[in-house]
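Welcome, and thanks for taking a look at this one with us. Here is a short briefing to read alongside the viewer.

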Amino acid sequence: MSILIIAEHDNSSLKEITLTTVTAASLIGGDIDVLVVGEGCTGAAEAAALISGVNRVRVADHACYNGQLAENVAALIQSLANDYSHIMAPATANGKSILPRVAAALDVSHFSDIIGVESADTFKRTLYAGNAIATVQSSDNIKVMTVRGTAFALAEKKGSAPVESLTQVHDLGLSAFISEALAVSERPELTSASIVISGGRGMQNGDNFSMLEKVADKLGAAVGASRAAVDAGFVPNDMQVGQTGKIVAPDLYIAVGISGAIQHLAGMKDSKVIVAINKDPDAPIFQIADYGLVADLFDAVPELEQAL
Amino acid sequence: MKILVMVKRVSDPNVTIRVNADNSDVDLNNVKMALNPFCEIAVEEAVRLKEAGIASEIIALSIGSSQSQEQLRTALAIGADRALLIESDTALEPLIVAKLAAKVIEEEQPGLVLLGKQSIDTDNSQTGQMLASITGWSQGTFASKLEINGDKINITREVDSGLQTICLNMPAVVTCDLRLNEPRYASLPNIMKAKRKPLVTKAAEEYGVDLAPRIRTLKVETPNIRQGGEILSSVAELVEKLKTEKGVI
Amino acid sequence: MRESMEFDVVIVGAGPAGLSTACRLMQQAQKAEREISICVVEKGSEVGAHIFSGAVLEPRALIELFPDWQERGAPLNTPVTSDEIYLFQDAERAKKIPNSLVPKSMHNEGNYVISLGNLCRWLGEQAEAMGVEIFPGFSAAEILYTDEGAVKGIATGDMGVGADGNQKGSFMSGMELHAKYTVFSEGCHGHLGKQLIDKFNLDADADVQHYGIGIKELWDIDPDKHKPGLVVHGAGWPLEKGTNGGSFLYHGDNNQVVVGLVIDLSYSNPYLGPFDEFQRMKHHPVFKQTLEGGKRVAYGARAITKGGLNALPKMCFPGGLLVGCDAGTLNFAKIKGTHTAMKSGMVAAETIFDALSADDQGGRELSAFTEALQNSWVYEELHRTRNFGPAMHKFGTFWGGAFNYLDQNWFKGKLPFTLRDNKPDYAQLKEASECKPINYAKPDGKISFDKLSSVFLSNTNHEEDQPCHLQLKSKVVPVESNWAIYNGPEARFCPAGVYEFVEDAATEQMQLQINAQNCLHCKTCDIKDPSQNITWMTPEGTGGPNYPNM
């Protein structure tokens, strides 16, 4: 068995979520190759070589891979596919965009967002926004899948895999990268932060989110929001945690003024430790929180910031 | 330019789905069904392109059970011109759905295919990408903005780090994200009109596509329910517990 | 200007009464080879989304409407196999009442345990197949009148209005639906029916209407404990003396049971919480032994019109008819209203069809309906049981029950007097200072549950950015009267946690917070508010519960 993992990176650095995919791959067993595709991606390739358990890093560094356009990257992967029994990628926008395209080109099925490895051909994944977990088995010769980062631990970075350059150029000319507008934030990204502090409608307005930011700065945390807070226009959409937003599973999730509508719970219930601060003792969030504080958030949050 | 919009019948997003007692599947018995919200956004976008004079005709396509007619009627009520149902009694996998849709594309020759970014039942997010692959077309997934300039289409995509803008050659497959638009309500007169718009039904078997499943669902389970912990009396106690008991800060 | 559409008949509400009206009209039109246009508006997201009942169905009306109901696949899957009645003495003990002492109206041979929602879905399919236009997701927000004051139809609610009252980008104006005759079948205490009764003084010769609140859950139970067709009724505990009501447990199909409690809204202790009573009730061994190890799958609540014949208003007025529970045709002695609601709809259909056939252009008062209904078995049934509810109110559960046994079994409801009960339910609440608070145990999460996780199982949703559909006539009454005098009973009688009294941190004043998005559309607040300060309006269409199999 041999596994190809598509690295998530921004050319200069490797995204940590790649490490969780390596862990998932190691549960399948067999040689693990990591493919780094981009333009000027030496930094990311070097970081990939450090991942424990990686057999080889393969690098395709070319202008046609700028922006990691799905058409070109998929064509590249397709050309490598016959050497592998499994092709995996983190379930990021890139992975989710590219791998189904690869699967169809190979005429095989695809598993999205797996959360568990049962065997080399059997995996677990969620349905209905996490309300059901299916165990699914593939009969295809090559298994293609994306992996939910929050479901697996990070692989260690104690390896030293050889780095091999690929010279294939797959420029289909179907699409072109124009620009990228990174969400400006000094804080870690929501989906990769080890601590997340989120506010709900109880925050009353967008300005009050500065209280959460202060706590976040002390903890090195990302700031999120419930759908209710986004709908109320307090904060932008990309902060939304939940069924229709981002799914997070940090070590610590602090829910502030969030009642805990099931849609929100779907996005954070896999966090290791959940803290809820809400003045309503009957708020459903308390039913899943490890620690609850029945308090006015306008008292408790500044106090928390002071105590850190 | 013709636009093909693919729509899927799914359980209503407001309904909580539960797993069958025998763990074979989820229980959809008498559950309210609806048009997949992301598909609704795709239909709305197509209608806006038609209203802007860019699209000439909108064809709504659904591949599923005969009841999917209801969702096609909804698409017609929002503004699609005609509908095609490729009927199958069993749920088809995304790869097969994409192959069937590719056959429809051969027949209809649309300039643009719009789909939802994923369906809220299986949460796959595959069909659009697979369809683009099979047709050899360009793809723009998770679109929150699209702009057509001649034979090119600029797509702003919602990616993990923010927004990415790419330019695709047409014809293209675009999957629609939540923030692309806010779908309109279907009005009563339009719902009545939709009942008279053409809706053609064909059997999936007619297309010469191998419909055999590649994936076996071994079981479907309810996720473990997280239990509530303790209610603390003060912020100080909370900080203490997070530091010593859990070691997370 | 709103757009309008014309129909022969517009029907408000796709419940058993409205859909039976639609089906019967179409049947008659087909028989007479006459074209007729019928439109049904339904505020739920689909037919059946907002409706539930016990339910044990007496199939009499269904058989009349569709003699071939079995071939058509009507969802009557579980015939009643046996009846059990208990008198609960306390949290542990219960006496099973011997069959011979049970009022006749409580026997259920020949009836079926059903899901009323599924029956309505099926009736909707029958109606649509005959050409009825059904529009789920559209609420009838407003009654339209001609210059002469006759009803000429309804207007659907505007969509896409923000909480601030301004039009959002998605705004869509409501539509006027004009009809020769408009049939109102909104179910208990419909918000338009209420306006009609008031405007046309339809209750001038009727006693005050009385209501109950029914709360119900659907459970998957251990297949070994499942006895399809077993129907259990109970009275007594947990309700305190002076509070009437009854519990039920019906075994349906698919290893499921429904368990529920109906509480008479004439209760007087403002500390009483119908939801809490129901949660507590399930811990009685009679229920617990069945539910234990099972899983709750659905929850709902709805008010019930139970005044019977004495409180039945006039059901016709210029341009329209009032049918089913919107008027109050439920037979409380049988705790059944579906068959009478359906029959009232069918009689309404026949009356309207006769009028249309005589080239009636609409807008008249169809007094023939009153006569036709009086000549139907609905009237006969309601007359026989007219004393049942008032006896319970007057004499309490035990002596009232004894009276009802004699009245129903020995005198067949023909005693030459009628018991009256003219104090409205909202006026029954005593001041909190005169009453003892009730200590409800915390839910255990296995048999009993809290309100919010219950509401979750009703799949209730409302567009968040819309005007509050629960309108207060006065902003100060909730705190100055309801909180001060009655300890805020709306927080307890609402089975969905819509009303919350919270202290404003800045002013340290109590204030009423309305969580309208939780609303199950049960109408209890509009009925029981002691100040009659709450008006239930229709929210944006499709809002509300999405009951499956309820």
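Is the crossing of α4(A) and α4(B) left-handed or right-handed? It is right-handed. Please keep in mind that this is a predicted model. The points below begin with that helix pair and then move on to the cores, chain B and some backbone details.

**Where α4(A) meets α4(B)**
- Two packed helices are described by the angle between their axes and the distance between the axes.
- Here, helix α4 of chain A (residues 93-105) packs against helix α4 of chain B (residues 127-135) at about 45°, and their axes are 7 Å apart.
- That angle makes α4(A) oblique to α4(B), because angles from 65 to 115 degrees would count as roughly perpendicular and those under 35 as roughly parallel.
- From α4(A), the contact is made by Lys96(A), Ser97(A), Pro100(A), Arg101(A), Ala103(A), Ala104(A) and Ala105(A).
- From α4(B), the partners are Gln129(B), Met130(B), Ala132(B), Ser133(B) and Ile134(B).
- Sorted by class, this contact has seven nonpolar, three polar and two charged residues.

**Nonpolar cores**
- The largest nonpolar core has 87 residues, and Leu177(C) and Phe184(C) have the most contacts inside it.
- Helix α8 of chain C (residues 338-357) gives the most to this core, with 10 residues.
- Leaving aside residues up to four places away in sequence, Phe184(C) touches several residues, including Val12(C), Ile143(C), Leu192(C), Phe317(C) and Asp326(C).
- Another core, of 77 residues, lies apart from the largest one; among its members are Cys188(C), Val286(C), Cys435(C) and Trp536(C).

**Chain B at a glance**
- Chain B contains six helices and 13 strands.
- Its C-alpha trace spans about 65 × 45 × 40 Å along the principal axes.
- Of the 249 residues in chain B, 57% are buried.
- Among contacts in chain B between residues at least 6 apart in sequence, 69% join residues at least 24 apart.

**Backbone details to check in your viewer**
- Most residues other than glycine have a negative phi, and most peptide bonds are trans.
- Gly54(C) and Ala55(C) are joined by a cis peptide bond with omega about -5°, and Ala55(C) sits in the loop between β2 and β3 of chain C.
- Gln68(A) has a positive phi of about 45° and lies in the loop between β3 and α3 of chain A; Gln68(A) counts as buried because its relative accessibility is 12%.
- Tyr128(A) has a positive phi near 50° and is found in the loop between β6 and β7 of chain A; Tyr128(A) counts as buried at 10% relative accessibility.

Technical notes. Residues are numbered from 1 along each chain as its sequence is written. Chains are lettered from A and ligands numbered from 1 in the order in which they are written. This is a predicted model: local features need pLDDT of at least 70, side-chain atom pairs count only at pLDDT 80 or more; totals for chains, interfaces and linings use all residues. Side-chain values use heavy atoms; hydrogens and water are left out. A nonpolar core is a set of buried Ala, Val, Leu, Ile, Met, Phe, Trp, Tyr and Cys residues joined through side-chain atoms within 4.5 Å. Buried means under 20% relative accessible area, exposed over 50%, partly exposed in between (1.4 Å probe, protein chains only). Helices (H or I, at least four residues) and strands (E, at least two) are DSSP runs, numbered from the N terminus. Contact means heavy atoms within 4.5 Å. Axes are lines fitted to C-alpha atoms, for helices over the stretch in contact, and angles run from 0 to 180 degrees between N-to-C directions. Angles under 35 degrees count as roughly parallel, over 145 as roughly antiparallel, 65 to 115 as roughly perpendicular and the rest as oblique. A crossing is left-handed if the near helix is turned anticlockwise from the far one by less than a right angle, and right-handed if clockwise. Ala, Val, Leu, Ile, Met, Phe, Trp, Tyr, Cys and Pro count as nonpolar, Asp, Glu, Lys and Arg as charged, and the others, Gly among them, as polar.
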